[in-house]
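Let's take a look at how charged side chains pair up in this protein. Here is the structure to keep beside you as you read.

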Amino acid sequence: MNGRALVAYASKYGSTAEIAEAIATTLREEGMTTDVALARDVASVGAYDVVVVGSGVYMNRWDGAALGFLKRFERELAARPTWLFSSGPTGGSKDAEVKMAAMLAAQPPAPGEAGKRAQRIGARGHATFAGRIVPEMGGIFARWLPRGDWRDFDAVRSWARRVAADVAGEVAVGA
């Protein structure tokens, strides 16, 4: 498959950045030329056929840099295949893990303002992936949430392969 993809993301502590890198690696393996960048650093999306945008979710909200990206490039994103991903729910107790599993199985829409922006740009889809809590996190994260890494990189790669297959199907139909 040909095509050029951008994976733009916002990440405070590196977890979402690692998910973005896994998505980019998978898209490359599927034959797409893929760049990865912090959402706040992207100056243009004009060179890309496909865009994937992601953010860590904090207090049920996307990071401001990722929301700013969606606002800044709204018109351009509406004109090309765009997908969103969120990194956020964590486990740490039986109850939390059951709730997290149910949430991930349901694949809720992007939260809050990100969900509204997704509708406006006609995003092809949104995936929610489990996150991680690290000691460097301050505030409520350090005090109340159990530390750990619940990310499932097999699920991330599987989703990225579906994105690539969707694009490949579109290219084959239009060829």
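## A buried arginine

Start with Arg 117, which counts as buried at 12% relative accessibility (buried means under 20% relative accessible area, exposed over 50%, and partly exposed in between, using a 1.4 Å probe and protein chains only). A quick note on the source: this is a predicted model, where local features need pLDDT of at least 70, side-chain atom pairs count only at pLDDT 80 or more, and totals for chains, interfaces and linings use all residues. Residues are numbered from 1 along each chain as its sequence is written, and side-chain values use heavy atoms, with hydrogens and water left out.

## Its partners

Arg 117 makes a salt bridge with Glu 74, with the closest N and O atoms 2.6 Å apart (a salt bridge is a side-chain nitrogen of Lys or Arg within 4 Å of a carboxyl oxygen of Asp or Glu). That pair joins helix α3 (residues 74-78) to helix α5 (residues 112-121), across 43 residues (helices are DSSP runs of H or I with at least four residues, strands are E runs of at least two, numbered from the N terminus). Glu 74 is buried too.

Arg 117 also meets Glu 113, at 3.0 Å from N to O. These two sit 4 residues apart in helix α5, so about one helical turn separates them. Glu 113 is partly exposed, at 30%.

The whole structure has 9 salt bridges. Another one of them pairs Arg 4 with Asp 35 at 2.5 Å, N to O. Arg 4 is in strand β1 (residues 4-10) and Asp 35 in strand β2 (residues 33-38), so the pair ties together parts 31 residues apart in sequence. Arg 4 is partly exposed at 32%, and Asp 35 is partly exposed at 25%.
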